[in-house]
Amino acid sequence: MVTHSRRGAVLSLAAAGAALGLARPLAFIPPALAAAPLEPTVGFHRFKVGEVEVTAVYDGIWRKPHDPAFIQNATVEETKEALAEAGLTTDFMPIPLTVFVLRIGRRVILCDAGSGVGQWQANATHLPANMKAAGIDRAEIGTILVSHFHPDHVWGLMERGTNAPVFPNAELVVHAAEHRWWTAPGRVETLPEGRRAAGRRIAENFPGWTNWRLAEDGQEVAPGVRLVAAPGHTPGHAAYLLGSGPDQLMISADTMYVPALLAPHPEWRGAYDQDAAQAVETRRKLVDRVIADRIAICGSHFPFPGTGTIRHDGGAYAFVPTSVA
Ligand SMILES: [Zn+2]
């Protein structure tokens with residue numbers, strides 16, 4: 001189990017539905033959750049997974065205007081319904097960003113590097129101040145577990161303007177398939193127009209860095225942490241599974257990026273999923289594993305503090321966020 005410093009309500013929606021003999025998933029919004037503010041008043045939240053101290057650190061939120069292309073096989077109205085059922089605003093698509101820091105013994109490990117102070121969204125600038133408030137010194141970070149090469153996860157590795165490495169002395173762990181795909185010669189030209197600038201920035205900088213450590217599926221990349229290949233969102237997208245004693249946390253990155261949408265509708269195909277069919281398959285596989293093995297889950301775009309549990313709910317899932325209210 002995962003011990004939070006302040007315990008949130010954990011409600012088994014699937015169990016409740018089954019108990020009532022319901023054929024359809026039961027929509028249930030706990031009042032504390034419905035009233036939760038979009039942006040946290042305290043920008044970090046600390047909890048334990050076994051002996052490991054995990055700190056969720058808030059970077060910011062993308063108030064993404066509704067866009068019919070965001071989910072290929074759902075209408076804007078359907079996405080709004082899903083947000084409302086999760087107790088979230090329907091005024092826009094809320095995409096918050098949280099970075100997780102693991103303290104394993106004396107090692108300090110960052111899970112993704114955040115969006116680089118306004119390099120992704122103008123108001124996603126809070127990571128440095130919140131890290132400082134949480135007592136985490138950037139100089140202590142020896143390892144960064146990178147999930148994939150999208151801007152909100154890796155622009156924090158580069159200084160704005162100069163592209164100088166922010167963490168030249170840390171080892172940068174990434175799934176070998178992700179590094180290989182983005183840095184393949186001629187890749188930028190094959191990308192859709194909207195992705196080329198980001199692809200070019202990666203191609204022009206990342207290959208020259210010597211502190212990458214390319215890892216494979218299942219490989220232990222830090223004490224008690226294994227890479228879990230989770231392709232689809234990008235070709236080498238990876239989750240990381242942290243285990244300490246009997247306790248486990250799946251650091252799922254963007255496998256089900258907005259759980260208000262993708263827990264009840266795992267088959268929805270996101271515009272940001274590069275291979276949407278593979279992303280759906282990966283999502284179900286990873287979530288089924290999390291449920292079967294009673295693993296807590298965190299995600300980069302889950303409501304802050306980005307953690308919770310997942311239950312089966314009919315043929316879909318119910319995500320129960322950890323509340324810090
Ligand atoms: Zn993301």
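**Close-up views of a predicted protein model**

**View 1. The whole chain at a glance.** Residues are numbered from 1 along each chain as its sequence is written. Of the 325 residues, 46% are buried (20 or more other C-beta atoms within 10 Å of the residue's own, with C-beta atoms placed from the backbone).

**View 2. Where to be careful: residues 5-35.** The average pLDDT (the predictor's confidence in each residue, from 0 to 100) is 89 for the protein, and 88% of the residues score at least 70. Over residues 5-35, though, pLDDT stays under 50. Where pLDDT is low, the predicted coordinates should not be read in detail.

**View 3. Helix α3 and its buried face.** Which residues of α3 (76-85) are buried? They are T79, A82 and L83. Looking down the axis of α3, these buried residues fall within an arc of 100°, so they line one face of the helix (the arc is taken from the directions from the helix axis to the C-beta atoms). Their cover includes β4 (93-104) and α9 (259-262). Just past α3, G87 has a positive phi of about 80°.

**View 4. Y240 in the core.** The largest nonpolar core has 83 residues, and A239, Y240 and I251 touch the most other members. (Such a core is a set of buried Ala, Val, Leu, Ile, Met, Phe, Trp, Tyr and Cys residues joined through C-beta atoms within 7 Å.) Skipping neighbours within four places in sequence, Y240 is in contact (C-beta atoms, placed from the backbone, within 7 Å) with C111, L145, V225, R226, L227, V228 and I251. I251, in β12, also stands opposite Y240.

**View 5. The seven-stranded sheet.** This open sheet runs β9-β10-β11-β12-β13-β14-β15, with mixed pairing (two strands pair if DSSP finds at least two bridges between them). At the edges sit β9 (220-222) and β15 (316-321), each pairing on one side only. Strands β11 (238-244) and β12 (247-251) run antiparallel and are joined by five bridges. Helix α10 (276-292) packs on the sheet, touching β11, β12, β13 (296-298), β14 (307-313) and β15.

Note on methods
This is a predicted model: local features need pLDDT of at least 70, side-chain atom pairs count only at pLDDT 80 or more; totals for chains, interfaces and linings use all residues. A residue is buried if 20 or more other C-beta atoms lie within 10 Å of its own, exposed if 12 or fewer, and partly exposed in between; C-beta atoms are placed from the backbone. Helices (H or I, at least four residues) and strands (E, at least two) are DSSP runs, numbered from the N terminus. Two residues are in contact if their C-beta atoms, placed from the backbone, lie within 7 Å. Axes are lines fitted to C-alpha atoms, for helices over the stretch in contact, and angles run from 0 to 180 degrees between N-to-C directions.
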